[in-house]
Amino acid sequence: MKIRHVQESDRAFWFTLDRHLPEYQFDQKVRDKQGYVLLVDGAAVGLLRYNLFWDEHPFCTMLYVADAYQGKGYGKALMVFWEEEMRRLGYKMLMTSTQVDEQAQHFYRKLGYQDAGGLLISIHEIQQPMELFLIKQIE
């Protein structure tokens, strides 16, 4: 297993898993090193991307591991890698979120993330289940 920053050559793979990121933002992720690719036996099988919430706190906006590789600790490895890099960069708090009807909230809690509130979007065209925000202190 290897985890590295996303590169331009990862574009085709990236969009097989991440259908939410606009193309131009992929370029930004590469440039700003705000994304990672997980490789197993040389094959790309997972990704993590993040932004800075309020331009200050790293916020994991996408964590995804291909179905065949789920349940084997790769998601945790991506999160730990990201957390360590954020710690080295001097950040004190990390954030992530998931919809309340998704199982990911349990995964994040096992990694030490705590519930920090929710956001309910009721605008008809973009309505979705409540988004649960989670935070974790790192030092």
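A residue is buried under 20% relative accessible area, exposed over 50%, and partly exposed in between (1.4 Å probe, protein chains only). The model is predicted, so that local features need pLDDT of at least 70 and side-chain atom pairs count only at pLDDT 80 or more, while totals for chains, interfaces and linings use all residues. Residues are numbered from 1 along each chain as its sequence is written, and side-chain values use heavy atoms, with hydrogens and water left out.

Q: Why is Asp 115 called partly exposed?
A: Asp 115 has a relative accessible area of 43%, and because this value lies between the limits of 20% and 50%, the label is partly exposed.

Q: What makes Arg 109 and Asp 115 a salt bridge?
A: A salt bridge needs a side-chain nitrogen of Lys or Arg within 4 Å of a carboxyl oxygen of Asp or Glu. The closest N and O atoms of Arg 109 and Asp 115 are 2.9 Å apart, which is within the cut-off, and therefore the pair counts. Arg 109, at 33% relative accessibility, is partly exposed.

Q: How many salt bridges does the structure hold, and which residues are linked in a network of them?
A: The structure holds 10 salt bridges, and Glu 8, Arg 11, Glu 23 and Asp 27 are linked in a network of them. Another pair is Asp 10 with Arg 4, whose closest N and O atoms are 2.7 Å apart, and both of these residues are buried.

Q: Why is Leu 78 called buried, and what does Leu 78 touch?
A: The relative accessibility of Leu 78 is 0%, and because this is under 20%, Leu 78 counts as buried. Leu 78 is found in helix 3 (residues 74–88), where a helix is a DSSP run (H or I) of at least four residues and a strand is a run (E) of at least two, numbered from the N terminus. With contact taken as heavy atoms within 4.5 Å, and not counting residues up to four places away in sequence, Leu 78 touches several residues, including Ile 3, Tyr 36, Leu 48 and Val 65.

Q: How do you know which kind of ring pair Phe 107 and Tyr 108 make?
A: Rings of Phe, Tyr and Trp (its six-membered ring) pair if their centres lie within 6.5 Å, with planes under 30 degrees apart called stacked, over 60 edge-to-face and the rest tilted. The structure holds 11 aromatic pairs. The centres of Phe 107 and Tyr 108 are 5.3 Å apart and their planes stand at 65°, so the pair is edge-to-face. Phe 107 is partly exposed at 28%, whereas Tyr 108 is buried at 5%.

Q: Why is Gln 128 called partly exposed, and where is its place?
A: Gln 128 has 28% relative accessibility, which falls between 20% and 50%, and therefore Gln 128 counts as partly exposed. Its place is in the loop between strand 6 (114–119) and strand 7 (131–137). Gln 128 and Gln 99 are 29 residues apart in sequence and 8.2 Å apart in space, C-alpha to C-alpha.
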